[in-house]
Amino acid sequence: MWDGIIVGGGLAGLVAGITALERGKKVILAAEGAGSLSYASGILDFGDFAALRDHLGHPFSLISEAQALESLSKWQEICSFYQGSWGRAESVLTPLGEIRTAGYVPHRLSAQPLHKARRIILIAPNGLKDFFPELFASNLAANFPKAKVTLKPLQVEQFAAQYRLGKSILAPDYARYWSSQEGADYLRGFIQETIQESAGTDEGAVLVFPGLSASFEPILQELLAALGSTVVEPTLFPPSPTGMDLYQFLRKKFKDLGGELIINGKAKAAVIEDGYCQSIAIHSMGETFQLKAKSFVLASGGLFGGGILVGPQTIREQVFDCPIFTPEPWTAEGFLEPQPYAQMGIEVNKELQPLKRDGQIYLHNVFVCGRSLAHWDPWADYCGGGVALTTGYLAGSKL
């Protein structure tokens with residue numbers, strides 16, 4: 001029998017699994033796929049934590065500041081290349097070259113060096129999908145008026161066939177190339193040439209380089225440190241190389257700690273007796289098998305992640321059949337207004353145990369985290385990564 005079974009392999013599920021494994025627990029994680037983490041920016045936002053704690057039912061209302069800080073301390077032990085501090089905002093570049101505030105970020109995504117730059121060189125990889133160099137450069141110039149912004153095109157033989165056909169190249173494809181020895185060697189020469197071109201400028205130049213994902217690659221970290229160049233990466237439209245690299249990093253950490261991972265493992269109906277889950281069915285590779293555990297974590301996502309299924313007549317959570325909070329009305333009239341349906345999810349107590357509609361515990365040995373939780377909107381509340389991290393950590397501590 002397992003100590004814990006985790007349903008869902010996104011940020012919340014992986015954090016829960018790593019937390020439990022570090023406590024010496026025997027854990028298996030089942031996920032239908034990579035989850036939304038591969039499409040995310042890799043940034044951990046917490047919004048206005050203090051204000052959100054006053055929102056009835058919001059996940060942060062169930063978590064103390066001390067618990068949030070504990071989860072962040074553990075996160076920075078696991079991901080030492082993240083930077084940030086509680087109560088102080090970082091800044092990052094959006095995919096269009098604008099500035100936005102952020103919480104905890106991979107250090108290469110921090111836009112802080114740009115605020116002191118006298119020259120900014122925007123690297124423009126040829127054919128990069130959903131990247132608009134002229135618009136990006138224009139926004140950089142507007143946001144950093146003290147700096148001279150120049151554009152430097154980049155084209156490599158590796159993608160010559162796509163260039164000729166006019167095909168777009170995904171940011172993760174560029175990121176994979178740079179992390180190879182061939183790509184790193186090319187990058188060394190390109191950056192050296194770029195630095196030499198900017199020689200003589202005040203304080204040197206800051207390079208803005210989309211699609212690099214250097215924070216996760218030792219070969220690139222060493223290269224940039226040796227060259228002494230200041231490089232800032234912008235966030236990009238999905239699929240995000242930073243999100244994909246974070247997923248692979250956390251997945252490897254989970255497995256290195258001894259966790260067992262079932263990818264393409266669809267969790268099905270649970271066996272429930274007297275308010276406790278005894279086992280769940282997992283369908284994988286054409287077979288269905290029953291897994292037993294002492295405790296379970298539900299991190300399967302919400303309405304958009306497939307954790308909550310909406311049909312013509314029913315709304316249900318598909319594994320444990322947890323009661324679902326459904327807002328009334330579902331929608332707001334304004335197209336750009338926060339939509340009530342985003343707050344659909346499972347209501348829990350401070351232990352993250354799912355509740356019945358009368359407020360009583362529905363399942364004593366199931367703990368819910370991440371997007372499966374009710375009463376929050378990751379876009380309007382600006383706290384998606386923060387909720388996933390803190391509730392995933394708390395859920396993993398219960399196993």
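**Pockets and cysteines**

Okay, let's start with the largest pocket: about 1,400 Å³ of space lies in there. By pocket I mean an open set of points on a 1 Å grid over the protein atoms alone, with protein on both sides within 12 Å along at least five of seven lines. The volume is the space filled by probe spheres set on those points, which are joined across faces, edges and corners; the probe is 1.4 Å.

Quick caveat: this is a predicted model, so local features need pLDDT of at least 70 and side-chain atom pairs count only at pLDDT 80 or more, while totals for chains, interfaces and linings use all residues. Residues are numbered from 1 along each chain as its sequence is written, and side-chain values use heavy atoms, with hydrogens and water left out.

So what lines the largest pocket? There are 50 residues, with S36, L37, A40, R371 and P378 nearest its centre; to count as lining, a residue has an atom within 4 Å of a point.

Then there's the second largest pocket, with about 300 Å³ of space. It has 17 lining residues, and F46, G47, F49, W86 and G87 are the closest to its centre.

Now, cysteines. How many disulfides does the structure hold? The count is 0, where a disulfide is a pair of cysteine sulfur atoms within 2.5 Å. For C277, the nearest cysteine sulfur is that of C322, 9.3 Å away. C277 is buried, at 2% relative accessible area; buried means under 20%, with a 1.4 Å probe and protein chains only. C369 is in no disulfide either, and the sulfur of C322, its nearest, is 12 Å away. C369 is buried too, at 1%.

Terms used:
Buried means under 20% relative accessible area, exposed over 50%, partly exposed in between (1.4 Å probe, protein chains only).
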